[in-house]
Amino acid sequence: MGKVIHVAVGVVMREDGKILIARRPDHLHMGGRWEFPGGKVEEDETAQQALGRELLEEVAIEAKKLQPLTEIRHDYPEKTVLLDTWWVTDFEGEAKGSEGQQIAWIDTGELGDHQFPDANAPILEAIQKAKPIPT
Ligand SMILES: Nc1nc2c([nH]c(=O)n2[C@H]2C[C@H](O)[C@@H](COP(=O)(O)OP(=O)(O)OP(=O)(O)O)O2)c(=O)[nH]1
Ligand SMILES: [Mg+2]
C-alpha cells in the first residue's frame, strides 16, 4: 500500500453556529463533492500551519483559534488519507472561494443534505456529537 497522505481539514464555525463548506473543483480527486476546506500538510509544516495556509489560499480567511476535532484514516481505492480535522472557532476575513469554488455556510442539521467524500462520514458524526469549547 502507498503512503498515507496527511491532510489538514478545518471545520470553520461562525458565531451563529453555521459551518463553512466548499465544493471541490470537478477535475480534482472527489471533484464535485462538498468538503471542509483544507489540504495536504507539506514537509516541515505542522498540521496547524498547513491548515492556516490552506484556509487563506482556498477561502481567504485567517484562522485565529483551532481546537482538535477528530482524526480519520480512510482508504480510497486510489489513495489513503489521514484527515487531521480541527474546529476553527475564531477567524478574520470574509470567506470566499478564492479558486472559483462555490462555498456555503450551513447549519449542522443541513450537513446530511450535501454530498461529501466517503471519508467524511465520521467527521459529520463527530460534528453532530461535539461542539467546540466556547472561547
Ligand atoms: N480538504 C479536504 N480534503 C478532503 C476532505 N475529505 C476527503 O476525503 N479529502 C481528500 C481529498 C483529497 O484526496 C485530499 C485533500 O487534498 P486537497 O486536494 O484538498 O489538497 P490540496 O488542497 O493540498 O490541493 P493540491 O494543491 O495538492 O491539489 O483529502 C475534506 O473534507 N476536505
Ligand atoms: Mg484543498
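Before we look around, a word on residue types: Ala, Val, Leu, Ile, Met, Phe, Trp, Tyr, Cys and Pro count as nonpolar, Asp, Glu, Lys and Arg as charged, and the others, Gly among them, as polar. What you have here is a predicted model, where local features need pLDDT of at least 70, side-chain atom pairs count only at pLDDT 80 or more, and totals for chains, interfaces and linings use all residues. Residues are numbered from 1 along each chain as its sequence is written, while chains are lettered from A and ligands numbered from 1 in the order in which they are written.

Let's start at ligand 1. Its shell holds 16 residues, the closest being Glu35, Gly38, Gly39, Lys40 and Pro117; to belong, a residue needs its C-beta atom, placed from the backbone, within 6 Å of the ligand. By type, the shell splits into nine nonpolar, four polar and three charged residues. Strands β1 (4–12), β4 (38–40) and β6 (80–92) each give two or more residues, and β4 has the largest share, with three. Strands here are DSSP runs (E, at least two residues), helices are runs of H or I with at least four, and both are numbered from the N terminus.

Next, find the open sheet of three strands, ordered β3-β2-β7 with antiparallel pairing. β3 (34–35) and β7 (103–106) are at the edges with a single partner strand each, so one side of each has no neighbour in the sheet. Two strands pair if DSSP finds at least two bridges between them, and two bridges join β2 (residues 19–23) to β3. Look for Arg23, which stands opposite Trp34 in β3.
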